[in-house]
Amino acid sequence: MLTDLAAWKTLSEHYGKIQSVHLRTLFANDPKRAQKFTVEALGICLDYSKNRITQGTVELLANLAEECGLRDRIDAMFRGDKINITENRAVLHTALRAPRDASVQVDGKNVVPDVHAVLDRMSAFADRVRSGAWTGYTGKRIRTVVNIGIGGSDLGPVMAYEALRHYATRDIAFRFVSNIDGTDFAEATHGLDPEETLFIVSSKTFTTLETMTNAHTAKAWALATLKDEAAVAKHFAAVSTNAKEVAKFGIDTANMFGFWDWVGGRYSMDSAIGLSTMLAVGPDNFRAMLAGFHAMDEHFRTAPFEKNIPVLMGLLCVWYDNFFGADTVAVLPYDQYLKRFPAYLQQLTMESNGKSVTLAGERVTYETSQIYWGEPGTNGQHSFYQLIHQGTKLIPCDFIGFARSLNPLGRHHDLLMANVFAQAEALAFGKTVEQVKAEGTPDWLAPHRVFEGNRPSNTFLIEELTPEVLGKLIAMYEHSVFTQGAIWGINPFDQWGVELGKVLAMRIAPELESAEAPELKHDASTNALIARYRGLKRQ
């Protein structure tokens, strides 16, 4: 068990000595602290000096990683071992961004040629749609692409489209449907012309309830105008591996793009699931994003732990979660294009590490997976920062800022970045009661204006948001999540927790739809809610 390891016990003793030390003291005692706790790699500068750590902390965390076998786990993942033991699968999202001449083995086969064959087909399709060579059934050019998916088949494409909108074509609009709530579909298709609309249906099995419900609604919506079933092939493409169901739906399997069981949904946005992204930004920018992913993969695979950005991030999460009891992490990108990045990270982190049993099937006796959340700055400052600064909860923060704006307007960007640096400074050092009173604040008001400080944060400073940089950022968090899972001894690559609710929903749906009152055999609360819903529905 993790807590029995010698490195864990040593770290616990160290925590007892450092837990009450203020960042003011740590900085005062070491004028070179900022330089010591800054790592630069691949154009990303991580300043993690405003964390409640010493050099000894970093060394002890690295020792913990070594004792937990992190290096072996990294090697096993990149080697193609079946480290997703509950599903007996390799975990090779890293192969999705491997160069064309690389070799990544799965069951004795190099999968890289297959990956690039799909990328080449995607590129050819994207070029045809973007150029206007691909037309709808009536000969009109495609003006809107609607991506239908859910989970990783939606969160990744939505986030990437928003993040790279600066690089996207303005000749085609992009919309996204995920929720089984009919409102999502109705609003996404409001005002669209079926003759100019292309749907991408993203479902590996082509049986996902939410996705296929929306897909059949989209088909009916399109055919209400286009009339002919043959039109489906000109207005739908599929990201799937189920050719039989794709063809049955009416989609030409020449426009079906597959991926593999060694790609988890939340790690799939750089696979064919990213087709909408490629359509938006073009094949060259998509491949630049893949190059960014791969560069971070190599950094994670080869850099020593003390200089390894994803490893340091993951170890700091363990430090705050398991020793300081910090239940959440705030991700605060100071770039409007990254407005959906925190939502993307929610699935990546919490679906991966929201586990309560170890790889050996034993109940864990420690915390796993913090809750990830956030909003772009400066919006969040006028929303929830009050809690981060003066609340009772310790919330480590990741600030993400860029040296150059993609849309320079007057002094906007300098003001934006001033807030990045100011917020991190205020969280770390705060304001004492003596400082408050020295400003002339009366005694009765002084306690309300004190900032305790000692609130930890990382600051990421990057030159500019490009497709390549986006790939690096996503891979950075992917590997941080992997690092945490390796320390906790859990499987970050399955998600059995999402299954039970789905199974029960399929049992309940016919009971809601039945014309006759069904015999209900749930618990008393669920029975009563179903009965009430049916009554309200009839009214």
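Predicted model: local features only at pLDDT ≥ 70, side-chain atom pairs only at ≥ 80, totals over all residues.
Which residues in H7 meet which residues in H15?

**View 1. Helix H7 meets helix H15.** On the H7 side, the contact is made by Gly152, Leu155, Gly156 and Met159, and their partners in H15 are Phe341, Ala343, Tyr344 and Gln347.

**View 2. How the two helices cross.** Two packed helices are described by the angle between their axes and the distance between the axes. Here H7 spans residues 152-163 and H15 spans residues 341-353, and their axes come within 9 Å and cross at roughly 150°. Angles over 145 degrees count as roughly antiparallel, so H7 and H15 are roughly antiparallel to each other. The crossing of H7 past H15 is left-handed.

**View 3. Arginine 266 in its loop.** Look for arginine 266 in the loop that runs between strand E9 (256-257) and helix H12 (275-281). Is this residue buried or exposed? Arginine 266 counts as buried, because its relative accessibility is 3%, and the cut-off for buried is under 20%.

**View 4. Polar partners of arginine 266.** The side chains of arginine 266 and glutamine 495 are joined by a polar contact of 2.5 Å. A polar atom of the arginine 266 side chain also lies 3.2 Å from the backbone oxygen of aspartate 494.

**View 5. The surroundings of arginine 266.** Leaving aside residues up to four places away in sequence, arginine 266 touches Gly152, Tyr344, Gln347, Leu348, Glu351, Ser352, Pro492, Phe493, Asp494 and Gln495.

Technical notes. Residues numbered from 1 in each chain as written. Heavy atoms only, no water. Helix = DSSP H or I, 4+ residues; strand = E, 2+ residues; numbered from the N terminus. Buried < 20%, exposed > 50% of the residue type's maximum accessible area, 1.4 Å probe, protein only. Polar contact = N/O pair within 3.5 Å; in protein donor to acceptor, adjacent residues only side chain to side chain. Contact = heavy atoms within 4.5 Å. Axes fitted to C-alpha atoms, helices over the stretch in contact; angles between N-to-C directions. Parallel < 35°, antiparallel > 145°, perpendicular 65-115°, else oblique. Left-handed = near helix turned anticlockwise from the far one by under 90°.
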